[in-house]
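Trainee: I'd like to learn how to read a protein structure. Could we go through one together?

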Amino acid sequence: MIIQSPANALALPAGYDSQDLVSINYRHFALWLNQASLESLSGYVSELCFPWSMATRTENFRSRLNHLSKHVLSAFDIVGQHITSDTCHIIACEADKYVCSVSLVAPLPQVVFQGLQAMPCPDIFDMPEMINHDASPVAYIESRRQRYCR
């Protein structure tokens, strides 16, 4: 018996590891930059937390969070188009039923903040919040992995 992936399988970005936790009334989907790529990065870690809009929350409820991974990849693409550069890289993108967060490494947090201000807010999100973390990119991703990998 040959097992094949479905024709509509999601294409994940190269160089990222993924995890999809599914439980009763809970789901968490994450993309994390792999260890080899992380070690070459340095700078400040900033996390952009995008709460879901009411329309997206309703759609997530109706679809039983089955579109969560598609929303994460959409957020990854949107932030990647407007904020990333040679010095600013996405290291993580995570979502659950309440919020979608994108974590970036930049030389200064102001680089991320300026990119966020210039970025149009997509309809699937409400007003974002920016959180700066006092950790290296490797330590930050390791803490996120430990939090969700049980």
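Predicted model: local features only at pLDDT ≥ 70, side-chain atom pairs only at ≥ 80, totals over all residues.

Trainee: Okay. What share of the 150 residues of the protein count as buried?

Mentor: Here 42% of them do. Tyr16 and Phe76 are both buried, for instance.

Trainee: How many aromatic pairs are there?

Mentor: The idea is to look for ring centres within 6.5 Å of each other. By that rule, the count is three. Take Tyr16 and Phe76: their ring centres sit 5.1 Å apart with the planes at 85°, so this pair is edge-to-face. Tyr16 belongs to strand S1 (residues 16-23) and Phe76 to helix H3 (residues 68-82), so the pair ties together parts 60 residues apart in sequence. Look also at Phe50, Trp52 and Phe125, which form one aromatic cluster.

Trainee: Which residues touch the most other members of the largest nonpolar core?

Mentor: The general idea first: in soluble globular proteins, nonpolar side chains tend to be buried together. In this model, the largest nonpolar core has 39 residues, and Ile91 and Leu104 touch the most other members. Several elements supply at least two residues each, including strand S2 (26-33), helix H4 (109-118) and helix H5 (137-148). H3 gives the most, with seven residues.

Trainee: Zooming out, how many helices and strands does the protein have?

Mentor: Five helices and six strands. Following the sequence, you read β-β-α-β-α-α-β-β-α-β-α. The radius of gyration is 15 Å, close to the 15 Å that the globule rule gives for 150 residues, so the protein is as compact as a globular protein of that length.

Trainee: What about contacts between residues 24 or more positions apart?

Mentor: Count the contacts with a separation of 6 or more: residues 24 or more positions apart account for 69% of those. Tyr16 and Phe76, 60 residues apart in sequence, are a pair you can find for yourself.

Notes
Residues numbered from 1 in each chain as written. Heavy atoms only, no water. Phe/Tyr/Trp six-rings, centres within 6.5 Å; stacked < 30°, edge-to-face > 60°. Helix = DSSP H or I, 4+ residues; strand = E, 2+ residues; numbered from the N terminus. Buried < 20%, exposed > 50% of the residue type's maximum accessible area, 1.4 Å probe, protein only. Core = buried A, V, L, I, M, F, W, Y, C linked by side-chain atoms within 4.5 Å. Rg over C-alpha atoms; globule rule 2.2 N^0.38 Å. Contact = heavy atoms within 4.5 Å.
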